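Keep the viewer open as you read.

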Number of protein chains: 6
Amino acid sequence: MEKRGLFIGRFQPFHLGHLEALKWILSREDRVVIGIGSSQYSHTHKNPFTLGERIEMIWRVLKQEGILDKCLFASIPDTDEVHSLWVAQVKSCCPPFSTAYSNDPLTILLFKEAGIPVMNIPFFKRTIYEGTRIREMIAKGDREWEKLVHPEVAKFIREIKGEDRLRSIYINKTRK
Amino acid sequence: MEKRGLFIGRFQPFHLGHLEALKWILSREDRVVIGIGSSQYSHTHKNPFTLGERIEMIWRVLKQEGILDKCLFASIPDTDEVHSLWVAQVKSCCPPFSTAYSNDPLTILLFKEAGIPVMNIPFFKRTIYEGTRIREMIAKGDREWEKLVHPEVAKFIREIKGEDRLRSIYINKTRK
Amino acid sequence: MEKRGLFIGRFQPFHLGHLEALKWILSREDRVVIGIGSSQYSHTHKNPFTLGERIEMIWRVLKQEGILDKCLFASIPDTDEVHSLWVAQVKSCCPPFSTAYSNDPLTILLFKEAGIPVMNIPFFKRTIYEGTRIREMIAKGDREWEKLVHPEVAKFIREIKGEDRLRSIYINKTRK
Amino acid sequence: MEKRGLFIGRFQPFHLGHLEALKWILSREDRVVIGIGSSQYSHTHKNPFTLGERIEMIWRVLKQEGILDKCLFASIPDTDEVHSLWVAQVKSCCPPFSTAYSNDPLTILLFKEAGIPVMNIPFFKRTIYEGTRIREMIAKGDREWEKLVHPEVAKFIREIKGEDRLRSIYINKTRK
Amino acid sequence: MEKRGLFIGRFQPFHLGHLEALKWILSREDRVVIGIGSSQYSHTHKNPFTLGERIEMIWRVLKQEGILDKCLFASIPDTDEVHSLWVAQVKSCCPPFSTAYSNDPLTILLFKEAGIPVMNIPFFKRTIYEGTRIREMIAKGDREWEKLVHPEVAKFIREIKGEDRLRSIYINKTRK
Amino acid sequence: MEKRGLFIGRFQPFHLGHLEALKWILSREDRVVIGIGSSQYSHTHKNPFTLGERIEMIWRVLKQEGILDKCLFASIPDTDEVHSLWVAQVKSCCPPFSTAYSNDPLTILLFKEAGIPVMNIPFFKRTIYEGTRIREMIAKGDREWEKLVHPEVAKFIREIKGEDRLRSIYINKTRK
């Protein structure tokens, strides 16, 4: 049977660091399950884009890059702070895979405690390609953000007026 | 058909700034739906009063002010960080309205993305009539807070021993 | 202080039996808190109307009947089968009241176990004015249903195309 | 290390069949974790007693029988129909155990799929000692139910007026 | 921009009727978003397979049929009986689409009330290709079920011992 | 009937200050219900250990100390910020008790508002025996933490590789 890796992330947004990581995983596995985490959230600092928007931006990039047939899409709702259920949630939401790939210490811990193989991903210019930083740049109107994501992602974010959304989210102070 | 506005707030507590805002909206609309947000929470820093207590304090003020028949009451539980469902939640919980009124950037963003007309409310001495500040004054025992709310609200908060409650909430450190 | 009763129901829809019950309670109490239960549900057999729609239909009737100032509105989300939390939920969602009114055995049991006074309501032609029966009549297109509700309710249900909705809900078989 | 079994049930109420099963498991294991399932529900046909009431009735029996030190108590909230998370829930809620004991086909299936050893329990007069039947007897006022539970359980159910509660629950038709 | 349809179903399991429907939609649209509904449930009568298993079986069929590049995958957790939030949930979980396709009366009603175009799908031998019937055949060991699904689906269900699972689920009586 | 106190805590982990408090309560009551709060959380800064692990560590200490028969175990899932339901949750989850013991201002407030007797516990070297501090020591590899818990707790935490877990949790920055 084919070898499959699980690539877990929130992809807020999907940036060039994610694309490099995906290609690196694909160099080791036959196929990759792209597991979009914290799938239920949107319009927040950490999670500005909806699940559907994240699927769309990743799908457009993979299509453009010609690797759509190498990937399966899955979405994983957060179990909030009930972390003891999270690995079961992942297994239930994703098509079969044998190795998980992540750099997040808690993700790695939870997979290890559940006895599932988990691997680190070599970082690709981490300080540059970093979700928090890119979201801040978008919110502040620093157009350099467009160079940190694939042209398809930049185009899509403009289509959905993502810059306006991020600006509104970042100036929000009062709403709980 | 009559023109209706939706006035959304947490009203923790309902203060004189809220009352001014309500009167301003009533000068533009035939009737106002008072939408009490984050309705499920209570006994926290941001939301010390229960939904029932908030209904009571607003109701007493409107009665005193003779504008009870101009208003309908609705309560809107928070969808937490699942903001993509929030406008649907509002529409489901509230009697029909055509324009929403709010000054919260995220609220405005969500209504705009959903194609619902939303308007800003001119602030009435914002630095003075501000929920966070009033809650802190109550917690600290600064009796000046009573001047920032309608006498009916001050009376009701004393009735339910709201000052003791706020004091306990503000000194709480350890509880999650 | 004024005497207040709590009138709990799902009001799907608010019918003439409910109106009679409300008037009977008003003959015993200074004021009535109308507690709309199972508030989060809609578009189901038991709960076809949204909370906002239920508030609207009751409000129009009370206005027409001139008893709006005798009533306060509250909504109470169901705690599903976690019934041990339900009375606390009611107390949190409703402005203060001293006696609850209901004919539902479980509601009566829960209030009694919590030590809250609860009273039965004399039925007004129960076999005629009964929610389940009225919903079935609407779904089947039996126009006699309009005689079982206040004209304001009949008018509102037609406005929101409630007959179409109930028909769709009742023929639904496959959706969970 | 000591050998531990997990005995899973809803214990609504804890009856003599449960006690026999527990003793049988204790004959095979050093210690037993009593896992009270569907722990959040109460006041329903299937789950009339609260979690606290179930802990109390089991604890009194074990104390009377002198096997309290052989048992640990755990409670397991239902994950409703999200069964893929249920085994993770059990493992998170219970102190360590090596074998699960149950006669419920779904429970057995879920443990098997998760690779956890699970065993059937020989039935002790199943048609007689059966929760559904005992609850019906209590609701109908058939005093023979007292012979199907340990005297401590019968005494406790009377103390909390469990017969009244079951009667109210069973006649309830209208509440969702 | 390309024309996109949304094909909503629970796909428990994905059968030949679904495949025909998908092909019919593809004859009218450039691309199809496959929206897997009730995504959180599994191991029940109506929803025996996990979300991951459903993604896998559909993905294998589309790959075999050479239409993988015509489809995007999305999963939509049920909002239970809180139907007023369901369309917002769909829009949040799915990449952009312009028309929804479904034969379920409630689904059609909800989309219509939200102002989203929705179309019926011509049935393809409905009495034969029907989820409930196929699940019962699997549970009963009637091997004819394999002819009602794509060979890739039959193979996958055998791989994950789906027949054992369905048998256990169908004999289950006692578990809530 | 015997006098029972409720001792509420998160016990993350159960330390010598907790043991002293328990003994002090036992000097005033016939028996103590140990109510493990925030029971659903684990693998977080404030709640690193699962409910099952907390039951195990407390159980081992009580067994070693010979006070197992003086205590009953109960677990209380957090109602998050819906504090108005919390006391009802406690009463539903715990076997009967007459006095609650806690030093947390919010816990005390909630019990008082519900009319349930609640008492402060004299602190036993609070600056030394403090959960937050002990968790930080474990995370940082400061072996002195072992002196702040009962030897049985230290042994158990080592058994489950609790030090590794805490280290991973504390370095986690990116996961929500």
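**Where chains E and A meet**

The contact between chain E and chain A takes in 20 residues of chain E and 20 residues of chain A; two residues are in contact if their C-beta atoms, placed from the backbone, lie within 7 Å. On the side of chain E that touches chain A, the elements giving two or more residues are α2 (51–65), β3 (71–76) and α3 (86–93) of chain E. Among these, α2(E) gives the most, with 5 residues. Helices (H or I, at least four residues) and strands (E, at least two) are DSSP runs, numbered from the N terminus. Sorted by class, this side of chain E has 12 nonpolar, 5 polar and 3 charged residues. Here Ala, Val, Leu, Ile, Met, Phe, Trp, Tyr, Cys and Pro count as nonpolar, Asp, Glu, Lys and Arg as charged, and the others, Gly among them, as polar.

Before going on, a word on conventions. Residues are numbered from 1 along each chain as its sequence is written, while chains are lettered from A and ligands numbered from 1 in the order in which they are written. This is a predicted model, in which local features need pLDDT of at least 70 and side-chain atom pairs count only at pLDDT 80 or more, while totals for chains, interfaces and linings use all residues.

How are the two partners related? The same surface serves both copies, as 100% of the contact residues of chain E recur in chain A.

Now turn to chains B and C. Their contact takes 20 residues from chain B and 20 residues from chain C. On the chain B side, α2 (51–65), β3 (71–76) and α3 (86–93) each supply at least two residues, and the largest share, 5 residues, comes from α2(B). A rotation of 180° with 0.0 Å of shift along its axis superposes chain B on chain C, with an RMSD of 0.0 Å. In chain B, the C-alpha nearest the axis is that of B:F73, 3.2 Å from it. These copies meet through the same surface, because 100% of the interface residues of chain B are also interface residues in chain C.

Other pairs stay apart. No contact joins chain A and chain C, whose closest C-alpha atoms lie 19 Å apart. For chain B and chain D, there is likewise no contact, and their closest C-alpha atoms lie 19 Å apart.

**The sheet, and a residue within it**

Strand β1 (residues 4–9) of chain A is joined to β4 (residues 99–101) by 3 bridges, and A:F7 has A:Y101 as its bridge partner in β4(A).

In chain E, 6 bridges join β2(E) to β3(E), which run parallel. E:V32 has E:C71 as its bridge partner in β3(E). β3(E) is mostly covered, with 5 of its 6 residues buried.

Where does E:I34 sit? Its place is in strand β2 (residues 31–37) of chain E. E:I34 is buried, with 25 other C-beta atoms within 10 Å; a residue is buried if 20 or more other C-beta atoms lie within 10 Å of its own, exposed if 12 or fewer, and partly exposed in between, with C-beta atoms placed from the backbone. Not counting residues up to four places away in sequence, E:I34 touches E:F7, E:I58, E:C71, E:F73 and E:A74.

Terms used
Pairing = 2+ DSSP bridges. Least-squares fit on C-alpha atoms with pLDDT ≥ 70 in both.
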